Amino acid sequence: TKLFMYQFIQQQKMKSFIVTLIIGAVLVTGSVLYSHHLKTEADKLSEITDNIKESVKAEDYKSAENQTEKLNKSVSEFEKFFLATGDHLEIDNIKINLAELKSFIKHEMQSDAMSKIYVLEFLFEHLPHNTKVRIGNIL
């Protein structure tokens, strides 16, 4: 019976080890996929911001307004995904700068709009580097 108990305990340890490996693999894979998606979304937001910049440089404020609305919708969609990271300050900074940008474009304030565009570009560029998945925000 001692041999049977020993074998039983060894089997349970092996099962626990295998389950731990599977959970670890799932977490690593999920983290890699999350990081890739975050980079893709940040690139998409940067591309829209580049379009706004070109419109503002050309003093085409109607096009800049349309692109800013597109960016605002994209940020709102992205925000739902982004909240899993827990750093709400990043998304708040983006939303504040976006609101200011909309006002500057509406009033055709080119230099102020350009400065907000550069801030947004900076925020989007650094978004993937400043963000980590936090288990507490997912559960």
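Q: How does K95 count, at 37% relative accessibility?
A: K95 counts as partly exposed. The cut-offs settle it: buried means under 20% and exposed means over 50%, with partly exposed in between. Keep in mind that this is a predicted model.

Q: Which side chain does K95 meet in a salt bridge with?
A: K95 meets the side chain of E79, with 3.2 Å from N to O. That falls inside the cut-off for a salt bridge, a side-chain nitrogen within 4 Å of a carboxyl oxygen.

Q: Where do E79 and K95 lie in the chain?
A: E79 is in helix 2 and K95 is in helix 3. The two are 16 residues apart, and the pair links distant parts of the chain.

Q: How many salt bridges does the structure hold?
A: The structure holds five. One of them joins E69 and K102, whose closest N and O atoms are 3.7 Å apart. This pair also links distant parts of the chain: E69 sits in helix 2 (residues 61-82), K102 in helix 3, and they are 33 residues apart.

Q: How do E69 and K102 count for accessibility?
A: Read each percentage against the cut-offs. E69, at 37% relative accessibility, counts as partly exposed. K102, at 31%, counts as partly exposed too.

Q: Which side chain does K53 meet in a salt bridge?
A: The partner of K53 is E121, at 2.9 Å from N to O. K53 lies in helix 1 and E121 in helix 4, so the pair ties together parts that are 68 residues apart in sequence.

Q: Are K53 and E121 buried or exposed?
A: Both are buried.

Q: How much of the chain is buried?
A: Of the 139 residues, 29% count as buried. The accessible surface comes to about 9200 Å², and 60% of that belongs to carbon and sulfur atoms.

Q: What span does helix 3 reach, and what is expected?
A: The check is the distance from first to last C-alpha against 1.5 Å a residue. Helix 3 covers residues 88-106, which is 19 residues. The helix reaches 27 Å, close to the 27 Å expected.

Q: Which residues of helix 3 are buried?
A: They are E90, I91, I94, N97, L98, L101, F104 and I105. Look down the axis next. The buried residues of helix 3 fall within an arc of 145°, so they line one face of the helix. On the other side, L89 and K106 are exposed.

Q: Which residues does K116 touch?
A: Leave out residues up to four places away in sequence. K116 then touches N97, E100, L101 and F104. Of these, N97, L101 and F104 are among the buried residues of helix 3. K116 itself lies in helix 4 (residues 110-130).

Q: Is K116 buried or exposed?
A: K116 counts as buried, at 16% relative accessibility. The cut-off for buried is under 20%.

Q: Which residues make the nonpolar surface patch?
A: M14, F17, I18, L21, I22 and V26 make the patch, and its area is about 600 Å². Take I18 as the case. I18 lies in helix 1 (residues 2-57). With a relative accessible area of 41%, I18 is partly exposed.

Q: What is phi of E59?
A: Phi of E59 is near 55°, a positive value in a residue other than glycine. E59 has its place in the loop between helix 1 and helix 2. E59 is exposed, with a relative accessible area of 52%.

Q: Which residue takes a positive phi just after helix 3?
A: That residue is E108, with a phi of about 55°. E108 is not a glycine either. The place of E108 is in the loop between helix 3 and helix 4. E108 is exposed, with a relative accessible area of 53%.

Conventions
Residues are numbered from 1 along each chain as its sequence is written. This is a predicted model: local features need pLDDT of at least 70, side-chain atom pairs count only at pLDDT 80 or more; totals for chains, interfaces and linings use all residues. Side-chain values use heavy atoms; hydrogens and water are left out. Helices (H or I, at least four residues) and strands (E, at least two) are DSSP runs, numbered from the N terminus. The expected span of a helix is 1.5 Å times one less than its number of residues. Buried means under 20% relative accessible area, exposed over 50%, partly exposed in between (1.4 Å probe, protein chains only). The arc is that of the directions from the helix axis to the C-beta atoms. Patches are made of residues with over 30% relative accessible area and no salt bridge: like charges are joined within 9 Å, nonpolar side chains (Val, Leu, Ile, Met, Phe, Trp, Tyr) within 5 Å. Accessible areas come from the Shrake-Rupley method with a 1.4 Å probe; for residues, only the protein chains shown count as cover. Contact means heavy atoms within 4.5 Å.
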